[in-house]
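Colleague: I'm new to this one. Can you walk me through it?

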Amino acid sequence: MDSILVRGNGPVTGDIEIAGAKNACLTLMPATLLSEEPLTLTNAPRLSDIKTMTALLTSLGVEISGLQEGKVLTMSSHATPNPVADYEIVRKMRASNLVLGPLLARLGHAIVSLPGGCAIGARPMDLHTTALEALGAEIELKDGYLHAKTRGGLKGAVHKMRFPSVGATENFVMAATLAKGTSVLENAAREPEIVDLVACLKKMGAQIEGEGTDRIEIQGVDRLHGATHPVVTDRIELGTFMLAPAICGGEVTCLGGKLSLVESFVTKLNEAGIEVTETPRGLTVKRTGDRVKAVNVTTEPFPGFPTDLQAQMMALLCTATGTSVLEETIFENRFMHAPELIRMGAQIEVHGGHATVHGVERLKGAQVMATDLRASVSLILAGLAAEGETVVSRVYHLDRGYEFVEKKLSGIGAHIERIKA
Ligand code: EPZ
(Lines give C-alpha, C1' and ligand atoms only; values in the text may rest on other atoms or scores of the structure.)
Protein backbone atom coordinates (compact mmCIF):
# COMPACT_ATOMS: atom_id res chain seq x y z
CA MET A 1 0.00 0.00 0.00
CA ASP A 2 1.41 3.37 -1.08
CA SER A 3 2.00 6.25 1.32
CA ILE A 4 2.31 9.95 0.72
CA LEU A 5 5.03 12.09 2.30
CA VAL A 6 4.26 15.77 2.85
CA ARG A 7 6.64 18.37 4.23
CA GLY A 8 5.45 21.78 5.48
CA ASN A 9 6.88 24.14 2.91
CA GLY A 10 5.35 27.58 3.54
CA PRO A 11 2.78 29.45 1.45
CA VAL A 12 1.43 27.97 -1.77
CA THR A 13 0.80 29.90 -4.97
CA GLY A 14 -0.37 29.18 -8.53
CA ASP A 15 -3.20 27.43 -10.36
CA ILE A 16 -4.87 24.06 -9.70
CA GLU A 17 -7.01 22.35 -12.34
CA ILE A 18 -10.29 21.02 -10.84
CA ALA A 19 -11.53 17.75 -12.38
CA GLY A 20 -15.02 16.52 -13.22
CA ALA A 21 -17.10 15.49 -10.22
CA LYS A 22 -16.65 11.91 -8.96
CA ASN A 23 -20.15 11.93 -7.48
CA ALA A 24 -21.70 13.20 -10.70
CA CYS A 25 -19.80 10.70 -12.88
CA LEU A 26 -20.84 7.80 -10.62
CA THR A 27 -24.52 8.51 -11.30
CA LEU A 28 -24.11 9.55 -14.95
CA MET A 29 -22.41 6.27 -15.88
CA PRO A 30 -25.33 3.98 -14.83
CA ALA A 31 -27.65 6.23 -16.90
CA THR A 32 -26.25 4.44 -19.98
CA LEU A 33 -28.39 1.46 -18.93
CA LEU A 34 -31.52 3.52 -19.70
CA SER A 35 -30.90 3.60 -23.45
CA GLU A 36 -29.79 1.22 -26.20
CA GLU A 37 -27.90 4.11 -27.80
CA PRO A 38 -24.38 5.22 -26.78
CA LEU A 39 -23.80 7.71 -23.97
CA THR A 40 -20.53 9.66 -23.99
CA LEU A 41 -19.24 11.53 -20.94
CA THR A 42 -16.50 14.14 -21.31
CA ASN A 43 -14.49 15.81 -18.49
CA ALA A 44 -14.63 12.50 -16.61
CA PRO A 45 -12.27 12.30 -13.60
CA ARG A 46 -9.49 9.67 -13.62
CA LEU A 47 -10.18 7.91 -10.29
CA SER A 48 -10.24 4.38 -8.92
CA ASP A 49 -13.97 4.73 -8.15
CA ILE A 50 -14.59 5.37 -11.86
CA LYS A 51 -12.60 2.21 -12.66
CA THR A 52 -14.80 0.30 -10.17
CA MET A 53 -17.99 1.61 -11.79
CA THR A 54 -16.53 0.70 -15.19
CA ALA A 55 -15.91 -2.86 -13.97
CA LEU A 56 -19.45 -3.09 -12.60
CA LEU A 57 -21.12 -1.82 -15.78
CA THR A 58 -18.90 -4.09 -17.89
CA SER A 59 -20.05 -7.06 -15.75
CA LEU A 60 -23.63 -6.02 -16.60
CA GLY A 61 -22.80 -6.19 -20.32
CA VAL A 62 -22.12 -2.51 -21.03
CA GLU A 63 -19.35 -1.77 -23.55
CA ILE A 64 -17.16 1.01 -22.18
CA SER A 65 -14.03 2.59 -23.58
CA GLY A 66 -11.94 5.38 -22.06
CA LEU A 67 -10.46 7.89 -24.53
CA GLN A 68 -8.02 10.74 -23.83
CA GLU A 69 -6.51 8.84 -20.84
CA GLY A 70 -9.98 8.21 -19.44
CA LYS A 71 -11.21 11.81 -19.62
CA VAL A 72 -13.82 10.70 -22.18
CA LEU A 73 -15.96 7.63 -21.47
CA THR A 74 -18.02 6.16 -24.31
CA MET A 75 -20.57 3.60 -23.14
CA SER A 76 -23.14 1.45 -24.87
CA SER A 77 -25.64 -1.00 -23.46
CA HIS A 78 -27.31 -1.84 -26.80
CA ALA A 79 -27.35 -5.52 -25.86
CA THR A 80 -29.79 -6.33 -23.07
CA PRO A 81 -27.83 -5.84 -19.87
CA ASN A 82 -27.21 -8.64 -17.37
CA PRO A 83 -29.35 -7.75 -14.32
CA VAL A 84 -26.98 -9.01 -11.59
CA ALA A 85 -24.65 -6.60 -9.73
CA ASP A 86 -22.22 -8.87 -7.90
CA TYR A 87 -21.22 -8.46 -4.24
CA GLU A 88 -17.49 -8.66 -5.08
CA ILE A 89 -17.73 -5.34 -6.96
CA VAL A 90 -20.59 -3.65 -5.05
CA ARG A 91 -18.91 -4.12 -1.63
CA LYS A 92 -15.99 -1.96 -2.82
CA MET A 93 -18.13 1.03 -3.64
CA ARG A 94 -21.58 1.96 -2.31
CA ALA A 95 -22.39 4.00 -5.43
CA SER A 96 -22.75 0.65 -7.24
CA ASN A 97 -26.32 0.77 -5.90
CA LEU A 98 -27.06 3.40 -8.58
CA VAL A 99 -27.56 0.65 -11.18
CA LEU A 100 -30.74 -0.50 -9.38
CA GLY A 101 -33.10 2.17 -10.72
CA PRO A 102 -31.84 2.05 -14.33
CA LEU A 103 -31.90 -1.79 -14.48
CA LEU A 104 -35.47 -1.84 -13.15
CA ALA A 105 -36.55 0.79 -15.67
CA ARG A 106 -34.84 -0.89 -18.64
CA LEU A 107 -35.39 -4.60 -17.87
CA GLY A 108 -38.15 -4.69 -15.27
CA HIS A 109 -35.93 -6.68 -12.89
CA ALA A 110 -32.56 -6.44 -11.11
CA ILE A 111 -30.52 -8.35 -8.55
CA VAL A 112 -28.17 -5.94 -6.77
CA SER A 113 -26.00 -6.82 -3.81
CA LEU A 114 -26.43 -4.69 -0.71
CA PRO A 115 -23.17 -2.69 -0.46
CA GLY A 116 -22.64 -3.38 3.23
CA GLY A 117 -21.42 -0.70 5.61
CA CYS A 118 -18.35 1.43 5.18
CA ALA A 119 -16.03 3.34 7.51
CA ILE A 120 -18.29 6.38 7.88
CA GLY A 121 -21.52 4.57 8.62
CA ALA A 122 -24.00 1.71 8.19
CA ARG A 123 -25.39 3.33 5.04
CA PRO A 124 -28.65 1.37 4.66
CA MET A 125 -30.73 1.40 1.46
CA ASP A 126 -34.25 1.78 2.82
CA LEU A 127 -34.73 5.20 1.17
CA HIS A 128 -33.82 3.69 -2.22
CA THR A 129 -36.14 0.68 -1.86
CA THR A 130 -39.16 2.64 -0.59
CA ALA A 131 -38.74 5.17 -3.41
CA LEU A 132 -38.60 2.43 -6.08
CA GLU A 133 -41.47 0.53 -4.47
CA ALA A 134 -43.54 3.72 -4.84
CA LEU A 135 -43.01 3.30 -8.61
CA GLY A 136 -44.38 -0.24 -8.43
CA ALA A 137 -41.20 -2.24 -7.86
CA GLU A 138 -41.38 -5.33 -5.63
CA ILE A 139 -38.08 -5.63 -3.74
CA GLU A 140 -37.04 -8.51 -1.52
CA LEU A 141 -33.73 -9.04 0.36
CA LYS A 142 -32.33 -12.55 -0.14
CA ASP A 143 -28.76 -13.72 0.68
CA GLY A 144 -27.53 -10.12 0.89
CA TYR A 145 -28.96 -9.22 -2.53
CA LEU A 146 -31.91 -6.97 -3.33
CA HIS A 147 -34.15 -8.91 -5.74
CA ALA A 148 -36.26 -6.28 -7.51
CA LYS A 149 -38.91 -6.78 -10.13
CA THR A 150 -41.95 -5.05 -11.62
CA ARG A 151 -45.07 -6.60 -13.10
CA GLY A 152 -45.79 -4.74 -16.36
CA GLY A 153 -43.20 -2.03 -15.89
CA LEU A 154 -42.80 0.92 -13.49
CA LYS A 155 -45.72 3.29 -13.01
CA GLY A 156 -45.49 7.01 -12.21
CA ALA A 157 -46.27 7.98 -8.60
CA VAL A 158 -45.87 10.73 -6.01
CA HIS A 159 -43.34 9.87 -3.28
CA LYS A 160 -42.06 11.89 -0.32
CA MET A 161 -38.70 10.85 1.19
CA ARG A 162 -38.17 11.07 4.94
CA PHE A 163 -34.64 12.37 4.28
CA PRO A 164 -33.24 14.00 1.10
CA SER A 165 -30.95 11.07 0.19
CA VAL A 166 -28.68 11.88 -2.78
CA GLY A 167 -28.46 8.32 -4.08
CA ALA A 168 -32.14 7.53 -3.55
CA THR A 169 -33.06 10.72 -5.44
CA GLU A 170 -30.80 9.62 -8.31
CA ASN A 171 -32.23 6.09 -8.40
CA PHE A 172 -35.83 7.36 -8.32
CA VAL A 173 -35.28 9.98 -11.04
CA MET A 174 -33.48 7.57 -13.38
CA ALA A 175 -36.17 4.90 -12.90
CA ALA A 176 -39.04 7.38 -13.34
CA THR A 177 -37.77 8.57 -16.75
CA LEU A 178 -39.14 5.35 -18.30
CA ALA A 179 -42.12 4.79 -15.94
CA LYS A 180 -45.63 5.05 -17.33
CA GLY A 181 -47.13 8.44 -16.41
CA THR A 182 -46.06 11.25 -14.10
CA SER A 183 -43.83 10.89 -11.04
CA VAL A 184 -43.13 13.46 -8.34
CA LEU A 185 -40.36 13.16 -5.75
CA GLU A 186 -40.86 15.34 -2.67
CA ASN A 187 -38.10 16.20 -0.19
CA ALA A 188 -35.69 15.39 -3.03
CA ALA A 189 -31.96 16.03 -2.58
CA ARG A 190 -30.76 19.25 -4.26
CA GLU A 191 -27.06 18.54 -4.83
CA PRO A 192 -25.40 19.90 -8.04
CA GLU A 193 -24.61 16.31 -9.04
CA ILE A 194 -28.36 15.67 -9.30
CA VAL A 195 -28.80 18.80 -11.43
CA ASP A 196 -26.01 17.48 -13.67
CA LEU A 197 -27.62 14.02 -13.95
CA VAL A 198 -30.94 15.62 -14.96
CA ALA A 199 -29.19 17.82 -17.55
CA CYS A 200 -27.79 14.65 -19.12
CA LEU A 201 -31.11 12.75 -18.92
CA LYS A 202 -32.86 15.67 -20.65
CA LYS A 203 -30.30 15.44 -23.49
CA MET A 204 -31.30 11.77 -23.71
CA GLY A 205 -34.95 12.80 -24.14
CA ALA A 206 -36.21 12.63 -20.55
CA GLN A 207 -38.88 15.11 -19.43
CA ILE A 208 -37.93 16.42 -15.98
CA GLU A 209 -38.51 19.64 -14.03
CA GLY A 210 -37.55 20.93 -10.60
CA GLU A 211 -34.01 19.55 -10.37
CA GLY A 212 -32.05 21.47 -7.73
CA THR A 213 -35.23 22.01 -5.70
CA ASP A 214 -36.84 19.65 -3.19
CA ARG A 215 -39.62 18.71 -5.65
CA ILE A 216 -38.73 16.97 -8.92
CA GLU A 217 -41.42 16.07 -11.50
CA ILE A 218 -40.78 13.49 -14.22
CA GLN A 219 -43.04 12.65 -17.21
CA GLY A 220 -42.24 9.08 -18.23
CA VAL A 221 -41.31 8.49 -21.90
CA ASP A 222 -41.15 5.27 -23.94
CA ARG A 223 -37.44 5.35 -24.63
CA LEU A 224 -34.32 7.49 -24.23
CA HIS A 225 -31.72 8.11 -26.95
CA GLY A 226 -27.95 8.54 -26.75
CA ALA A 227 -26.19 11.79 -25.80
CA THR A 228 -22.85 13.42 -25.06
CA HIS A 229 -22.49 15.24 -21.74
CA PRO A 230 -19.66 17.01 -19.86
CA VAL A 231 -19.34 16.01 -16.19
CA VAL A 232 -19.84 19.02 -13.89
CA THR A 233 -16.85 20.40 -11.93
CA ASP A 234 -16.13 18.54 -8.69
CA ARG A 235 -17.22 20.88 -5.87
CA ILE A 236 -15.61 18.67 -3.21
CA GLU A 237 -12.21 18.61 -4.92
CA LEU A 238 -12.68 22.37 -5.44
CA GLY A 239 -13.36 22.99 -1.74
CA THR A 240 -10.51 20.70 -0.73
CA PHE A 241 -7.89 22.57 -2.79
CA MET A 242 -9.28 25.97 -1.75
CA LEU A 243 -8.13 24.98 1.74
CA ALA A 244 -4.49 24.66 0.68
CA PRO A 245 -3.80 28.45 0.64
CA ALA A 246 -6.15 28.81 3.61
CA ILE A 247 -4.03 26.50 5.78
CA CYS A 248 -0.57 27.33 4.34
CA GLY A 249 -0.96 30.97 3.35
CA GLY A 250 -0.42 32.22 -0.19
CA GLU A 251 -2.78 32.64 -3.13
CA VAL A 252 -4.17 29.89 -5.38
CA THR A 253 -6.66 29.91 -8.27
CA CYS A 254 -8.80 26.77 -8.61
CA LEU A 255 -9.46 26.63 -12.36
CA GLY A 256 -13.08 26.01 -13.33
CA GLY A 257 -14.34 26.72 -9.80
CA LYS A 258 -17.66 28.49 -9.44
CA LEU A 259 -19.08 30.15 -6.32
CA SER A 260 -22.50 28.59 -6.96
CA LEU A 261 -21.02 25.13 -6.28
CA VAL A 262 -19.58 26.01 -2.85
CA GLU A 263 -21.60 28.94 -1.47
CA SER A 264 -22.11 27.74 2.13
CA PHE A 265 -18.49 26.55 2.27
CA VAL A 266 -17.22 29.97 1.10
CA THR A 267 -19.40 31.72 3.70
CA LYS A 268 -17.50 29.79 6.39
CA LEU A 269 -14.12 30.51 4.77
CA ASN A 270 -14.94 34.23 4.74
CA GLU A 271 -15.91 34.07 8.43
CA ALA A 272 -12.51 32.45 9.10
CA GLY A 273 -10.72 35.33 7.36
CA ILE A 274 -10.17 33.78 3.93
CA GLU A 275 -10.76 35.89 0.81
CA VAL A 276 -12.43 34.16 -2.17
CA THR A 277 -12.80 35.93 -5.53
CA GLU A 278 -14.67 34.54 -8.54
CA THR A 279 -12.92 35.27 -11.86
CA PRO A 280 -13.56 33.95 -15.40
CA ARG A 281 -10.71 31.43 -14.76
CA GLY A 282 -12.11 30.10 -11.50
CA LEU A 283 -11.99 30.84 -7.75
CA THR A 284 -8.96 32.68 -6.34
CA VAL A 285 -8.32 32.06 -2.63
CA LYS A 286 -6.08 34.10 -0.33
CA ARG A 287 -5.55 34.14 3.44
CA THR A 288 -5.58 37.66 4.82
CA GLY A 289 -4.09 37.29 8.37
CA ASP A 290 -1.33 34.91 9.44
CA ARG A 291 -3.81 32.54 11.11
CA VAL A 292 -7.48 31.80 10.36
CA LYS A 293 -10.19 32.53 12.91
CA ALA A 294 -12.19 29.77 14.61
CA VAL A 295 -15.69 29.17 13.16
CA ASN A 296 -18.50 26.73 13.97
CA VAL A 297 -19.64 24.33 11.22
CA THR A 298 -22.74 22.15 10.93
CA THR A 299 -22.99 19.77 7.96
CA GLU A 300 -26.33 19.69 6.13
CA PRO A 301 -27.79 18.47 2.83
CA PHE A 302 -27.11 20.87 -0.08
CA PRO A 303 -27.16 23.87 -0.10
CA GLY A 304 -25.87 23.56 3.48
CA PHE A 305 -22.22 22.93 4.42
CA PRO A 306 -21.20 19.67 2.68
CA THR A 307 -20.39 16.67 4.88
CA ASP A 308 -17.72 15.76 2.30
CA LEU A 309 -15.77 18.90 3.27
CA GLN A 310 -16.08 18.47 7.05
CA ALA A 311 -12.82 16.56 7.54
CA GLN A 312 -10.88 19.04 5.41
CA MET A 313 -12.38 22.02 7.28
CA MET A 314 -11.42 20.39 10.60
CA ALA A 315 -7.80 20.27 9.46
CA LEU A 316 -7.92 24.03 8.80
CA LEU A 317 -9.58 24.79 12.14
CA CYS A 318 -6.90 22.82 14.01
CA THR A 319 -4.61 25.81 13.28
CA ALA A 320 -7.21 28.58 13.92
CA THR A 321 -7.08 31.15 16.70
CA GLY A 322 -9.81 30.12 19.15
CA THR A 323 -12.18 27.19 19.52
CA SER A 324 -14.44 25.78 16.78
CA VAL A 325 -17.28 23.28 17.07
CA LEU A 326 -18.03 20.99 14.13
CA GLU A 327 -21.37 19.16 14.06
CA GLU A 328 -21.69 16.19 11.67
CA THR A 329 -25.40 15.58 11.04
CA ILE A 330 -25.29 13.38 7.91
CA PHE A 331 -23.15 10.36 8.87
CA GLU A 332 -22.87 8.64 12.23
CA ASN A 333 -19.11 8.05 12.23
CA ARG A 334 -17.31 10.70 10.26
CA PHE A 335 -14.66 11.96 12.72
CA MET A 336 -12.05 9.21 12.21
CA HIS A 337 -9.57 11.84 11.00
CA ALA A 338 -9.64 13.42 14.51
CA PRO A 339 -7.34 10.87 16.27
CA GLU A 340 -4.89 11.14 13.36
CA LEU A 341 -4.89 14.95 13.55
CA ILE A 342 -4.34 14.66 17.32
CA ARG A 343 -1.17 12.67 16.52
CA MET A 344 -0.04 15.86 14.75
CA GLY A 345 -0.61 17.96 17.87
CA ALA A 346 -4.20 19.02 17.22
CA GLN A 347 -6.46 19.53 20.26
CA ILE A 348 -9.82 17.91 19.45
CA GLU A 349 -12.55 16.45 21.68
CA VAL A 350 -15.13 14.26 19.95
CA HIS A 351 -18.49 13.56 21.61
CA GLY A 352 -20.97 11.76 19.34
CA GLY A 353 -21.75 14.02 16.40
CA HIS A 354 -19.80 16.99 17.77
CA ALA A 355 -16.07 17.73 17.58
CA THR A 356 -14.61 20.67 19.55
CA VAL A 357 -11.34 21.94 18.08
CA HIS A 358 -9.01 24.20 20.11
CA GLY A 359 -6.72 25.80 17.53
CA VAL A 360 -2.94 25.52 17.97
CA GLU A 361 -0.17 27.72 16.55
CA ARG A 362 1.38 24.96 14.44
CA LEU A 363 0.82 21.23 13.86
CA LYS A 364 3.76 18.84 13.90
CA GLY A 365 4.48 16.28 11.19
CA ALA A 366 3.81 12.63 12.14
CA GLN A 367 3.03 9.20 10.70
CA VAL A 368 -0.74 9.04 10.25
CA MET A 369 -3.24 6.65 8.66
CA ALA A 370 -5.98 7.40 6.17
CA THR A 371 -9.29 5.82 7.20
CA ASP A 372 -11.63 7.02 4.45
CA LEU A 373 -11.55 9.16 1.35
CA ARG A 374 -12.09 12.63 2.78
CA ALA A 375 -10.16 11.93 6.00
CA SER A 376 -7.12 11.03 3.87
CA VAL A 377 -7.00 14.41 2.17
CA SER A 378 -7.58 16.28 5.45
CA LEU A 379 -4.35 14.70 6.74
CA ILE A 380 -2.51 15.87 3.63
CA LEU A 381 -3.80 19.41 4.14
CA ALA A 382 -2.65 19.29 7.77
CA GLY A 383 0.75 18.02 6.63
CA LEU A 384 1.11 20.91 4.18
CA ALA A 385 1.03 23.35 7.11
CA ALA A 386 2.78 21.22 9.75
CA GLU A 387 6.37 21.56 10.91
CA GLY A 388 8.45 18.70 9.58
CA GLU A 389 7.38 15.57 7.70
CA THR A 390 4.01 13.81 7.63
CA VAL A 391 3.60 10.36 6.12
CA VAL A 392 0.00 9.37 5.32
CA SER A 393 -0.44 5.60 4.88
CA ARG A 394 -3.26 3.68 3.12
CA VAL A 395 -3.60 6.32 0.40
CA TYR A 396 -5.69 3.95 -1.71
CA HIS A 397 -8.53 5.81 0.02
CA LEU A 398 -7.23 9.04 -1.50
CA ASP A 399 -6.98 7.63 -5.03
CA ARG A 400 -10.72 6.94 -4.96
CA GLY A 401 -11.57 10.63 -5.14
CA TYR A 402 -8.55 12.76 -6.06
CA GLU A 403 -6.75 12.48 -9.38
CA PHE A 404 -3.01 13.27 -9.58
CA VAL A 405 -3.03 14.83 -6.11
CA GLU A 406 0.78 14.97 -5.82
CA LYS A 407 1.12 16.63 -9.22
CA LYS A 408 -1.60 19.19 -8.50
CA LEU A 409 -0.26 20.16 -5.07
CA SER A 410 3.39 20.16 -6.22
CA GLY A 411 2.25 22.54 -8.97
CA ILE A 412 1.47 25.19 -6.34
CA GLY A 413 4.75 24.70 -4.47
CA ALA A 414 3.83 22.04 -1.93
CA HIS A 415 6.44 19.45 -0.98
CA ILE A 416 4.60 16.17 -1.56
CA GLU A 417 5.67 12.80 -2.94
CA ARG A 418 4.24 9.28 -3.20
CA ILE A 419 6.17 6.46 -1.55
CA LYS A 420 5.49 3.31 -3.53
CA ALA A 421 4.86 0.28 -1.29
C1 EPZ B 1 -23.68 10.62 -1.58
O2 EPZ B 1 -23.75 9.39 -0.88
C3 EPZ B 1 -22.20 10.85 -1.88
N4 EPZ B 1 -21.69 9.74 -2.69
C5 EPZ B 1 -21.41 10.92 -0.56
O6 EPZ B 1 -20.07 11.23 -0.90
C7 EPZ B 1 -21.98 12.07 0.27
O8 EPZ B 1 -21.31 12.11 1.50
C9 EPZ B 1 -23.48 11.83 0.50
O10 EPZ B 1 -24.16 11.71 -0.77
C11 EPZ B 1 -24.14 12.97 1.28
O12 EPZ B 1 -23.95 14.17 0.58
C13 EPZ B 1 -21.99 9.71 -4.01
O14 EPZ B 1 -22.67 10.58 -4.54
C15 EPZ B 1 -21.44 8.57 -4.79
P16 EPZ B 1 -27.19 9.78 1.11
P17 EPZ B 1 -25.21 8.71 -0.61
O18 EPZ B 1 -28.06 8.71 0.57
O19 EPZ B 1 -26.09 8.95 -1.78
C20 EPZ B 1 -28.60 7.74 5.17
C21 EPZ B 1 -17.73 10.99 -0.87
O22 EPZ B 1 -16.90 11.21 0.02
N23 EPZ B 1 -29.36 6.85 4.28
O24 EPZ B 1 -27.56 11.20 0.89
O25 EPZ B 1 -24.97 7.33 -0.17
C26 EPZ B 1 -27.10 7.48 5.07
O27 EPZ B 1 -26.73 6.41 5.92
C28 EPZ B 1 -19.04 10.28 -0.55
O29 EPZ B 1 -17.59 11.33 -2.07
C30 EPZ B 1 -30.31 6.00 4.84
O31 EPZ B 1 -30.53 5.98 6.04
O32 EPZ B 1 -25.70 9.59 0.62
C33 EPZ B 1 -26.50 8.79 5.49
O34 EPZ B 1 -26.47 8.84 6.90
C35 EPZ B 1 -19.09 9.83 0.90
N36 EPZ B 1 -31.00 5.17 4.01
C37 EPZ B 1 -27.50 9.82 4.96
O38 EPZ B 1 -28.73 9.10 4.73
C39 EPZ B 1 -30.80 5.16 2.65
O40 EPZ B 1 -31.48 4.40 1.93
C41 EPZ B 1 -27.06 10.47 3.65
O42 EPZ B 1 -26.99 9.47 2.69
C43 EPZ B 1 -29.83 6.02 2.11
C44 EPZ B 1 -29.12 6.87 2.94
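Predicted model: local features only at pLDDT ≥ 70, side-chain atom pairs only at ≥ 80, totals over all residues.

Colleague: Okay, the ligand. Which residues come nearest to it?

Modeller: There are 23 residues around the ligand. Asp-126, Leu-127, Ser-165, Asp-308 and Ile-330 come nearest.

Colleague: What kinds of residues make up that shell?

Modeller: Ten are nonpolar, eight are charged and five are polar.

Colleague: Which side chains have polar atoms by the ligand's oxygen atoms?

Modeller: Lys-22 is one of them. A polar atom of its side chain lies 2.8 Å from an oxygen atom of the ligand. Arg-94 is another. An N or O atom in the Arg-94 side chain is 2.8 Å from a ligand oxygen.

Colleague: And what does Pro-124 bring, backbone or side chain?

Modeller: Backbone. A polar backbone atom of Pro-124 is 3.2 Å from an oxygen atom of the ligand.

Colleague: How much of the ligand does the protein bury?

Modeller: The protein buries 88% of the area that the ligand exposes when taken alone. That area is 820 Å².

Colleague: Which elements give two or more residues to the shell?

Modeller: Four helices do: α1 (22–28), α5 (126–134), α6 (166–176) and α12 (373–385).

Colleague: Which one gives the most?

Modeller: α5, with three residues.

Colleague: Where does the ligand lie relative to the domains?

Modeller: Between domain 1 and domain 2, because both give residues to the shell. Domain 1 covers 3–18 + 234–419, and domain 2 covers 22–230.

Colleague: You mentioned α12. What can you tell me about Ser-378?

Modeller: Ser-378 sits in helix α12. Its relative accessibility is 0%, so Ser-378 counts as buried. The Ser-378 side chain reaches the backbone oxygen of Ala-375 at 2.8 Å.

Colleague: On to the backbone. Where is there a cis peptide bond?

Modeller: It joins Phe-302 and Pro-303, with omega at about 10°. Pro-303 is in the loop between β18 (297–298) and α10 (310–317).

Colleague: Why point that out?

Modeller: Because most peptide bonds are trans. Also, most residues other than glycine have a negative phi.

Colleague: Then which residues have a positive phi although they are not glycine?

Modeller: Asp-143 is one, at about 50°. Asn-187 is another, at about 60°.

Colleague: Where is Asp-143, and is it buried or exposed?

Modeller: Asp-143 is in the loop between β8 (138–142) and β9 (145–149). Asp-143 counts as exposed, because its relative accessibility is 76%.

Colleague: What about Asn-187?

Modeller: Asn-187 is in the loop between β11 (182–186) and α7 (192–203). Asn-187 is partly exposed, at 24% relative accessible area.

Colleague: Back to α10. How many of its residues are buried?

Modeller: Eight of its eight residues. Among them are Gln-310, Met-313, Met-314 and Leu-317.

Colleague: How far apart are Gly-411 and Thr-13?

Modeller: In sequence, 398 residues. In space, Gly-411 and Thr-13 are 8.5 Å apart, C-alpha to C-alpha.

Colleague: Is Lys-408 buried or exposed?

Modeller: Buried. Its relative accessibility is 11%, and the limit for buried is under 20%.

Methods:
Residues numbered from 1 in each chain as written. Heavy atoms only, no water. Near = heavy atom within 4 Å. Polar contact = N/O pair within 3.5 Å; in protein donor to acceptor, adjacent residues only side chain to side chain. Areas by Shrake-Rupley, 256 points an atom, 1.4 Å probe, with all protein chains shown as cover. Nonpolar A, V, L, I, M, F, W, Y, C, P; charged D, E, K, R; others polar. Domains from an automatic or database assignment. Buried < 20%, exposed > 50% of the residue type's maximum accessible area, 1.4 Å probe, protein only.
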